[in-house]
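Subject: Structure handover

Hello,

The structure is below, followed by notes on what was found in it.

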Amino acid sequence: MHLVQEWSTELRYKPYHEWPTDYLEELKKTMNDSTWRLAYHIQPTTGLLNDPNGFSYFNGKWHIFYQAYPLGPVHGVKSWYHLTSINLIDWQDEGLALLPGGMYDSHGVYSGSALAVDDHLFLAYTGNVRDQNWQRHSFQLGAWLDNKNQIQKLPEPLIVKPPNGYTQEIRDPQIFIFNQQYYLIIGAQNKQEEGKILTYKSSDLTHWQCLGELTFSNDLLGFMVECPNLIFIDNQAVLLFCPQGLDQEVLPYQNIYPNTYVVADGFDGETNTLSKPSPLKNLDEGFDVYATQAFNTPDGRALAISWMGLPEVAYPTDEEGWAHCLSLVKELKLEGGKLFQRPVNEMKTLRLDRHSVHGTLGSVQKIYSPKENRYELQLDFDASTQGTLTLFADEDTNTGLTLSFDTQNGTMTMNRENAGTPFATEFGTVRTFEIPQKDLSLQIFVDHSVVEVFINQGEKVASARVFPKKDQTTILLEGTTGVFSGEYWTLRPMK
Ligand code: FRU
């Protein structure tokens, strides 16, 4: 059987059941020998994964869904794929969950969120429909998941059309409870093609009243906003969202589209306003974070997870019939009004053998040579040090992904120009950002083709996909002055 090489629109929207039954088996074979498959990150079983959806806690388990197109590494007709976990680390495959095909979601079950209500989980998502002229129609839809993971779609949309003055580019509802009312925020575009976030309110989850645009910034938010999430930390509000086409004057960024956030003093549900909002900031300083989804958990945390991939960008695994993964689960905290993102505590349970690493910075030295790119590395440096850490390094050439830091000038640069198979080079191979001019601490997670760097306890995060050769695993360090110390752990794979 031949795998599709040229993806026409018709093929991308062909219903799953019309594909030959052994097509997926054939596709799996192309992934068998991949050295880029991940050990402890959520990845698609076949085909493409994009946004995390419905991240929630229900019926004694964590639930996560993701946007899936199982038949190839392209954005075809989407479903929600379901996983559950008792520890946020090991994820059980629950299979395809919300499938397209109804009159309101014939061309894709798009992104959305979940909210536990009594003994059911309510799912709110966007139904994507294309008419004969391939014009988009977006419906905001609801479904109930029961404690046996069975899903019942609601027969009628929650929101049947965009309010006057807005286009059909309206999607990705996030529902949450605020002041004993249900709220829903959603990414939108007005008729002037400006990106907006709209707010709706309901007392019964079925009748939704539009409150208009969420007020939080005077800046133009590009031409479209995707995947907004409002969460609450210590009574403050944090809004995460993805403005497409954002002006570089508002916020410099280099990825095709940024994933941004603002921190505000609070949310006023009556006036639909965030009070004292900060300017827009980049959620991640690296290359591949988008569509982050966050929620307030019953155990009092604010947890987030991101799509590690970007729209409209080709990745080397496309050749192997799969694309993208999710990030680690990150806990969001506010300290002194600043957002911190940290790997969830549960990540510590993945640690296997521990090695201590320490020394003096100087000419390039090997600090560890793992058998496999599957580890956590913590490194601490004194203030006033300058250096370069190379991950995924090739023993012959000493090249790999570099992280250069200068705590004196307060800058850090991640460079993947010489790391593995090049890709997305049209968006630059270097990301430079500010770090505080003080001691530096790095907590780094490496998983075959992923790196996530948490800087100074998560004050900044830089994440990237990297596609090295199997034996490009060495960790090198060089620098001008100072000492370093830290720890290395091999991490066990997800069970
Ligand atoms: C973001 C996004 C969402 C949409 C989904 C479709 O990556 O474009 O706005 O709901 O992906 O897969």
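How many Å from an oxygen atom of the ligand does a polar side-chain atom of glutamate 226 lie? The distance is 2.9 Å. The model is predicted: local features need pLDDT of at least 70 and side-chain atom pairs pLDDT 80 or more, while totals for chains, interfaces and linings use all residues. Residues are numbered from 1 along each chain as its sequence is written, and side-chain values use heavy atoms, with hydrogens and water left out.

Two further residues have polar side-chain atoms listed against a ligand oxygen: aspartate 51 at 2.7 Å and glutamine 67 at 2.6 Å. A polar contact here is a pair of N or O atoms within 3.5 Å. Of the 320 Å² that the ligand exposes when taken alone, the protein buries 91% (Shrake-Rupley method, 1.4 Å probe).

The shell around the ligand (residues with a heavy atom within 4 Å of it) includes Asn50, Lys78, Tyr110, Arg171, Asp172 and Trp307. By type, the shell holds three nonpolar, three polar and five charged residues; Asp, Glu, Lys and Arg count as charged, and Tyr and Trp are among those that count as nonpolar. β1 (47-58), β5 (109-117) and β9 (171-178) each give two or more residues to this shell (strands are DSSP runs of E, at least two residues).

UniProt, in an unreviewed entry, lists residues 41-343 as "domain: Glycosyl hydrolase family 32 N-terminal". That span is 0% helix and 53% strand, with its end C-alpha atoms 12 Å apart. Such annotations may be inferred rather than shown by experiment.

Regards

How values were computed
Polar contact = N/O pair within 3.5 Å; in protein donor to acceptor, adjacent residues only side chain to side chain. Helix = DSSP H or I, 4+ residues; strand = E, 2+ residues; numbered from the N terminus.
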